[in-house]
Amino acid sequence: MMKKKSIYASRASLVLILCQVISALDVPLDSKLLEELLQPPTITQQSPKDYIVDPRENIVIQCEAKGKPPPSFSWTRNGTHFDIDKDAQVTMKPNSGTLVVNIMNGGKAEAYEGVYQCTARNERGAAISNNIVIRPSRSPLWTKEKLEPNQVREGDSLVLHCRPPVGLPPPIIFWMDNAFQRLPQSERVSQGLNGDLYFSNVQPEDTREDYICYARFNHTQTIQQKQPISVKVFSMDSLNDTIAANLSDTDIYGAKPVTERPPVLLTPTGSTSTKVELRGNVLLLECIAAGLPTPVIRWIKEGGELPANRTFFENFKKTLKIIDVSEADSGNYKCIARNTLGSAHHVISVTVKAAPYWITAPRNLVLSPGEHGTLICRANGNPKPNISWLANGVPIAIAPEDPSRKVDGDTIIFSHVQERSSAVYQCNASNEYGYLLANAFVNVLAEPPRILTPVNKLYQVIADSPALLDCAYFGSPKPEIEWFKGVKGSILRGNEYVFHDNGTLEIPVAQKDSAGTYTCVARNELGKTQNEVQLEVKDPTMIIKQPEYQVIQRYGQVSFECIIKHDSTLLPTIIWLKDNDELPDDERFLVGKDNLTIMNVTDKDDGTYTCIVNTTLDSVSASAVLTVVARPNPPFDLELTGQLERSIELSWIPGDENNSPIISFVIEYEDGLHEPGVWHYQTEVPGSQTTVQLKLSPYVNYSFRVIAVNEIGRSQPSEPSEQYLTKSANPDENPSNVQGIGSEPDNLVITWESLKGFQSNGPGLQYKVSWRQKDVDDEWTSVIVANVSKYIVSGTPTFVPYEIKVQALNDLGYAPEPSEVIGHSGEDLPMVAPGNVQVYVINSTLAKVHWDPVPLKTVRGHLQGYKVYYWKVQSLSRRSRRHVEKKILTFRGNKTFGMLPGLEPYSSYKLNVRVVNGKGEGPASPDKVFKTPEGVPSSPSFLKITNPTLDSLTLEWGSPTHPNGVLTSYVLKFQPINNTHELGPLVEIRIPANESSLILKNLNYSTRYKFYINAQTSVGSGSQITEEAVTIMDEGKMAMASRQVDIATQGWFIGLMCAVALLILILLIVCFIRRNKGGKYPVKEKEDAHADPEIQPMKEDDGTFGEYSDAEDHKPLKKGSRTPSDRTVKKEDSDDSLVDYGEGVNGQFNEDGSFIGQYSGKKEKEPAEGNESSEAPSPVNAMNSFV
């Protein structure tokens, strides 16, 4: 009580929190609290105030309430106690106040009409329900009446009255015919709000006998039918015929024709009316007018505007509908009916009244003893409602007095409340249009603190996000809440925490070090309690590789990646969306672990794809757009305008660009007159252009089509345009590529490229061919030929120049004067051979030939050049003839010399020269003989190394294939190679040319040598050939020095070694066994007796088993130093050998035959540069690896 002021100041927040706690009792967060906490009754469910029931079914009047202890229920009927125990038809549901009236078992609904009210009561107070008015629904039958047929003149107005029976609730009215088809309605014929059918004017087609009004009673699911109404419309023509048939010729007769009439309102009548509507309801105003022509209705609000967004027009604008009306919608509404003859209007004065509605409804109060509080009940309405209070269902004026309570109009003030102050108060706000009833309890409790949050509740959050730790509590007075971190932590304070009134602790930005145990302490003057919760801070989920924007062609394949990183304790799920919706149910969409693949992409796959990664704590997403591109759709709607003789305008509409902008449009044309079905290129315009001015040629039946082009490709052609035939005209141009070339010595063949069909400019295309001999004063000779491309002039001199021209003409005239070209009549073979042929030998492979030109007159044609025929007669070194192969070199133009490359040294040649024209070759000049000097020889044909011994090797070689002169000697060079492949000193020996073998002695044993040999002529040394070989270690041993393959890699040797190892193991085992038995096993003797000299080499000093030496002088030969068993060394590439130089390639020549290359092969490098490799390994060679 000492802190009364502070308690009073915090009462509002306390009430809010406690109200929240009590209202939360619906959810059993703490079952013990629910069992012990007292609460006055609260009505939770009740039937509507105006309750219309189906008289054929049981009546259920609902009344449900909650409270602690559970409330009991009682009812009043028409203001007096309703004893349900005395009525066998009425029962109350268990643990409920809901009444069930058994109508289906003999009861009558009419007997239970009345006003019912439910009371729910426990020791803390009593709550009451609204007054529930029970009325059975009624769907009475139509009263029988005699309906006279309606006979009406065409153009008159008509109203068919429905007058349905009065039902509860009112029925829904509609008009149908005998076939149960709704009658059509329009501006002329429509149904009013009262159900009547209005005809602004009748027409002959309105005649029928089955206008039937139906009333549907939804509550009882029944439809009542009025007797059919007959309508007969008399037209003026038929009425005049009837009158004429009954009157004499002398009578004056004739009905007036249908006359137009100005509008007259059928409903409402008069010029003004009034309408009252309640706030929140729907306002319906109606105006239906008669007239011919049919009037049109318009609505206005005098002095204001019709409310926007709430105004609707129905029934062909004959009904004005305003929803959710308020007092501001009061006013005068005018409907105006107008046709061509005039107008009529009606003003409806609308007043909006209001049943009571809440401004502030009373709310429950939960107070501690000695606290203060208020209940406020404020309502409004039109007229203003009266406010009255009740306590536990009894008017407060006659209720038991409570000194803590004071009533002040719409407010009850409580001060210094005690537990006995607990009660349920009712506020009633009423006026003539209705009432409002609200229950609000005052619950005075004295409770020690309780924490409703579960013990050790675990909270998990993502780092850098807020953490909310709940401490849901209850206590009266309101407890104070404090938070601690850790078992012995200090109270939490500071800006890094937010403390909410409901006890929640908020950590705005949780970090990894925020994790741990937090303790919530609640205390008030009645006690103290605490609770611990746990906080875990997880790493955030991230998309480390997001899907990227993709552009894909139609029918292609595309993939979106979504690679994530997440906390190891969280299990993520990945969902893919398309345009924020689920992926299509299509097998083309393949969802992988971290990607989405779309196969065979189509246009409908275009859109935004989103990868959503969800965990129990967070969710991240990334999106990318897929743009499906394709060739554009073809243009359409081609149109030709502005047709002129030589131009026309073409326009079109572009097709869909399929997400790739159109770059250009290609226009093609078809000449249906000359080349039907063949389309030609006309022009190309930018993609932003959809019209083009096209130039036309005469006498062409044009059709055009357009092709759109984007970066993907060209569209299909558009549909062809309409055809357009241009007028004929003279040809604009002459044939091109006019030539005059004779095919025979005595003719001239004139050829040209004919004009295309559209180039003819008209029918009857022909050509005028003219010619005359040049430099001779002759007249033009002309001839007109048909549409061909060749004309032959016969009887011409041989190869003389002619002036030629070809002119086009058609039925309308000639083309412009053509230009002249020079041609020649036919050629003949040259008459003479070149003279004074001279040959100058430059070197052993190159010579130069000279000749005198022939006179041009003897060429008898176009000089094309000279041909030199040359061939080798014999080699001077071998004196042997061979097949003569002639070679030809052609020298273009009027040249008088040429180079002859590629000659063989030391050989005899012949040649002759001939002149060449377009017809062929002339006679040959006399043969000219020349010789080439000696050259260097080719390499020896082979080199073999045989008969290796400890200190000697035998060398054999073959003479050069091309000696290119007289051999003078051979030069042999050799040098040793050590185990590191380094070359030793070089030794040179000169050998006579007639020798082909040599035995080298005094060599080192078990040593590798490299040999080089080449032949020489007087000119110099030729290319060399090189090989390697090895002297042997010992004559008695099979292992030869020139063998190179590692024996350890051979299968037979491995198998043999395994067998030896197994044999030794067996002998050792047997020896061990014999020794254990006291015997002896002569291992040494047995091994000596069975020794194999090949497999078990003996040491020279003592004859015992030796080991394969790893000494430097006994290392296996490295790869590349290999010699075959026959000692014949063949050339082969190797890693460790010298470079193998091959034969050179042929030289090259200019067009005039001049030499531009060298005829020589690759030279052998100097011997010191490296060693040469040779033959592949053999089984015998393998043994040498161990020597």
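## Disulfides and other local features

At 0% relative accessibility, Cys335 counts as buried; buried means under 20% relative accessible area, exposed over 50%, and partly exposed in between (1.4 Å probe, protein chains only). The model is predicted, so local features need pLDDT of at least 70 and side-chain atom pairs count only at pLDDT 80 or more, while totals for chains, interfaces and linings use all residues. Residues are numbered from 1 along each chain as its sequence is written, and side-chain values use heavy atoms, with hydrogens and water left out.

Cys287 is buried as well, at 0% relative accessibility. Cys287 and Cys335 form a disulfide, a term for a pair of cysteine sulfur atoms within 2.5 Å. The torsion about the S-S bond of Cys287 and Cys335 is about -70°, so this disulfide is left-handed. Cys287 lies in the loop between strand E22 (283-286) and strand E23 (288-292), and Cys335 lies in strand E27 (residues 331-339), so the pair ties together parts that are 48 residues apart in sequence. Helices (H or I, at least four residues) and strands (E, at least two) are DSSP runs, numbered from the N terminus.

The structure holds six disulfides. With bonded cysteines counted along the chain, the pattern is 1-2, 3-4, 5-6, 7-8, 9-10, 11-12.

| Cysteine | Partner | S to S distance |
|---|---|---|
| Cys63 | Cys118 | 2.0 Å |
| Cys287 | Cys335 | 1.8 Å |
| Cys562 | Cys611 | 1.9 Å |

The torsion about the S-S bond of Cys63 and Cys118 is about -70°, so that disulfide is left-handed. The pair links distant parts of the chain, with Cys63 in strand E4 (residues 63-68) and Cys118 in strand E9 (residues 114-122), 55 residues apart. Both Cys63 and Cys118 are buried.

The link of Cys562 and Cys611 is left-handed, with -65° about the S-S bond. This pair also joins distant parts of the chain: Cys562 is in the loop between strand E49 (558-561) and strand E50 (563-565), Cys611 is in strand E55 (residues 607-614), and the two are 49 residues apart. Cys562 and Cys611 are both buried.

Which residues of the largest nonpolar core touch the most other members? They are Ile59, Ile61, Trp75 and Ile134, in a core of 29 residues. A nonpolar core is a set of buried Ala, Val, Leu, Ile, Met, Phe, Trp, Tyr and Cys residues joined through side-chain atoms within 4.5 Å. Strands that each supply at least two residues of this core include E2 (50-53), E3 (59-61), E8 (99-101) and E11 (132-136). The largest share, three residues, comes from E9. In soluble globular proteins, nonpolar side chains tend to be buried together.

Ile59 touches Val53, Leu99, Val100, Val101, Ile103, Ala109, Tyr112 and Ile134, not counting residues up to four places away in sequence; contact means heavy atoms within 4.5 Å. Apart from this core lies another, of 20 residues, among them Val692, Leu694, Phe704 and Val706.

A search of the whole structure finds 20 aromatic pairs. Rings of Phe, Tyr and Trp (its six-membered ring) pair if their centres lie within 6.5 Å; planes under 30 degrees apart count as stacked, over 60 as edge-to-face and the rest as tilted. Phe82 and Tyr116 form an edge-to-face pair, 5.9 Å centre to centre and with 75° between the planes. Phe82 is in strand E6 and Tyr116 in strand E9, 34 residues apart. Phe82 counts as buried at 10% relative accessibility, and Tyr116 does at 2%. The rings of Phe974 and Phe1011 have their centres 5.7 Å apart and their planes at 35°, so the pair is tilted.

Asp206 is placed in the loop between strand E16 (197-199) and strand E17 (208-217). With a relative accessible area of 6%, Asp206 is buried. Asp206 touches Arg188, Phe199, Asn201, Tyr211, Val231 and Val233, not counting residues up to four places away in sequence.
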